[in-house]
Amino acid sequence: MPQFTIHDFLKKKKDGKKITMLTAYDYPFARILDESGIDAILVGDSLGMVVQGLENTLPVTMDEMIYHTKMVARAAKNSMIIGDMPFMSYQTSIEDAKRNAGRFLKEGGAAAVKLEGGREVLEHIKAMTRSDIPVMAHIGLTPQSIHRMGGYKVQGKTAEAAKKLLEEAHAVEDAGAFSLLLEAVPMNLAKQITEELSIPTIGIGAGPHCDGQVLVLHDVIGLFERFVPKFVKQYANLKKDIAIAVKNYKDDVEKGIFPSDSESFK
Ligand code: KIV
């Protein structure tokens with residue numbers, strides 16, 4: 001199977017087929033996603049919260065993102081890899097945006113990048129796209145703006161806020177984004193945006209009408225328990241399973257059951 005590309009993103013939208021996307025941050029999980037046929041893997045800055053144990057995503061650095069992107073890219077033979085630009089890796093200037101986005105492709109092995117924001121990042125998107133760096137835009141709830149937004153809240157609920165998001169969706173498409181991630185927006189607004197844009201929309205907490213869906217892997221498999229957003233569906237509880245395995249190992253060692261003859265050399 002050839003590796004998924006931005007052209008397949010567009011083709012799936014045209015063909016009315018859903019795009020599947022999950023986050024991953026390391027080799028073993030990326031391998032499972034890749035072998036399971038997930039179209040795209042986002043190396044999200046959510047790694048700050050679900051892997052590093054941070055309060056929010058703001059402290060995550062470019063070097064950390066590149067480190068994780070390399071591990072994921074090494075595992076992915078079929079899925080497309082998208083690197084998530086961390087806080088202050090692009091807000092500072094268009095030059096920084098190009099340089100740091102370029103690092104994801106050059107050092108990390110990603111095929112595209114994602115950045116948060118609407119109107120304020122249009123020139124960044126244009127410059128990156130002109131440099132042959134495919135960009136996924138991200139509007140709605142943008143976790144890097146947590147302090148301005150005052151928490152992880154649904155966006156676009158008033159008529160005025162919805163109009164602004166719709167305008168921003170068109171603006172990022174016009175700026176050259178190959179796709180648009182919509183986070184925590186009412187489903188009817190996501191539907192309207194999806195119908196009006198030619199580029200595919202990828203939803204997280206944006207209802208069923210988007211062209212594709214993304215979730216944070218650790219939410220899906222039950223490895224992050226600090227809070228579970230309403231839009232998450234948990235498909236496994238690995239924390240519970242791992243805790244049982246660890247407890248059984250501990251008991252076996254303490255009782256002298258492990259290692260037995262079969263795990264020992266003669
Ligand atoms: O960092 C992240 O995981 C994200 C989510 C919206 C998928 O950006």
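**Notebook: a predicted model**

I began with burial: 51% of the 266 residues of the protein count as buried (under 20% relative accessible area, with a 1.4 Å probe and protein chains only; exposed is over 50%, partly exposed in between).

Residues are numbered from 1 along each chain as its sequence is written, and side-chain values use heavy atoms, with hydrogens and water left out.

Next I looked up the secondary structure and found 11 helices and 8 strands (DSSP runs numbered from the N terminus: helices are H or I with at least four residues, strands are E with at least two). The radius of gyration is 20 Å, close to the 18 Å from the globule rule for 266 residues, so the protein is as compact as a globular protein of that length. I jotted down that this radius is taken over C-alpha atoms, and that the rule is 2.2 Å times the number of residues to the power 0.38.

Then I checked the domains: domain 1 is 6–235 and domain 2 is 238–266, with bounds from an automatic or database domain assignment. Their C-alpha centres lie 40 Å apart.

Last, I picked His-68, which sits in helix H4 (residues 62–75). Is His-68 buried or exposed? His-68 counts as buried because its relative accessibility is 10%. Leaving out residues up to four places away in sequence, His-68 touches Tyr-25, Val-43, Leu-47 and Val-51 (contact means heavy atoms within 4.5 Å).

Note on methods: This is a predicted model: local features need pLDDT of at least 70, side-chain atom pairs count only at pLDDT 80 or more; totals for chains, interfaces and linings use all residues.
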